[in-house]
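Have the model open while you read.

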Amino acid sequence: MKESGSNKPDCAIYVDMGTTNTRVWLARGAKVLSRENAAVGVRNTARESSTATIRAALRDLIRAVRQTPQRDRDCVPLRIVAAGMITSAQGLAEVPHVPAPAGLEEIARNAKNCSFSDVTELPVLLVPGVRSGPLRCDRDTASQCDVMRGEEALCLGLVAQKRVRGAATVLSLGSHWKTIQLDEQARIAGTVTSMSGELIQAAQTETILASAVPHRRAAALDRGWAEAGMGEQRRSGLSRALFCVRLLEQRSESTAEERLAFMVGAFIGADLDAMTASGMLRADRPLFIAGTLAETWRLALGKNWSAAVVLSDQEAESAFLAGLRAVAAACSVG
């Protein structure tokens, strides 16, 4: 899309609100002019039974990206395009999930134009998430269902950038870890979610292991210690493997960083084995991995996954924004 009377692409603000973090960008076309983030997400709504915190944070972030010094001084945003948990019941407005299989056409058709005058004067386009499995479930069928909000933009962006051209798998490692399958038409066909990202943070800060490991977000990890954690999880289960971190603190010469690698390895081993057994992770399909622990996951996959692509933070950001632009463009055409 072009601005009226200009050869320049549209200027817009993009939002990704997650469980624990919110990111906001000001961009003209694919060029990011400024970016801001805050450690605020819908977990705040769940804790406080109010959206006041996320509304205030979003208002401040939007103001900040618009005020950040930039070279493109005439970039006046026309709209906001938002995805992620902002479209959940704990966000600003709930937008129903689109049933899988879902591609750009289905997602754009179900996007919702909204107005939030207490947050911004700009119109806001909310991009829906995707659900797989039956609409309703019970205790026996819950494992057949899954939902996601935000990762659909990453998948759509990889398709728009022609990095994905057919069947593939995307592994997104955020507060929640999601294994996403794309079908031969590069549509989102299904997903499986675990809470491992959030549980790692909880184990680091809210359990007896808090004194044994750093409280920072896990990033580059010692490969040998991560593999040891995976092995212990396979021998004795996740809960026992986690207690071994406590034993390592008391009775070994290990460092806090090594113990963190062991702990994270236990979580990776549990999810990797489950996803492989279910068929969600398949070595015969292209695999794209995005998130803080992407490189550690690639190493854990082993030589059978030598073609796995680890997306840098910049590449993942670029794909996410490309997905939002694709939805906005499709809505404008429609």
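## Ground rules

This is a predicted model, where local features need pLDDT of at least 70, side-chain atom pairs count only at pLDDT 80 or more, and totals for chains, interfaces and linings use all residues. Numbering runs from 1 along each chain as its sequence is written, and side-chain values use heavy atoms, with hydrogens and water left out.

## The largest pocket

The largest pocket holds about 1,400 Å³ of space. A pocket here is an open set of points on a 1 Å grid over the protein atoms alone, where a 1.4 Å probe fits, with protein on both sides within 12 Å along at least five of seven lines; lining residues have an atom within 4 Å of a point. Points are joined across faces, edges and corners, and the volume is the space filled by probe spheres set on them.

Its lining has 49 residues, with Ser172, Leu173, Gly174, Ser175 and His176 nearest the centre. H5 gives the largest share, five residues.

## Arg285

Look for Arg285 in the loop between helix H8 (256–278) and E13; helices (H or I, at least four residues) and strands (E, at least two) are DSSP runs, numbered from the N terminus.

## Ala319

Ala319 sits in helix H10 and is buried, at 0% relative accessible area. Ala153 is 166 residues away in sequence, yet the C-alpha atoms of Ala319 and Ala153 are 7.7 Å apart.

Definitions and conventions. Buried < 20%, exposed > 50% of the residue type's maximum accessible area, 1.4 Å probe, protein only.
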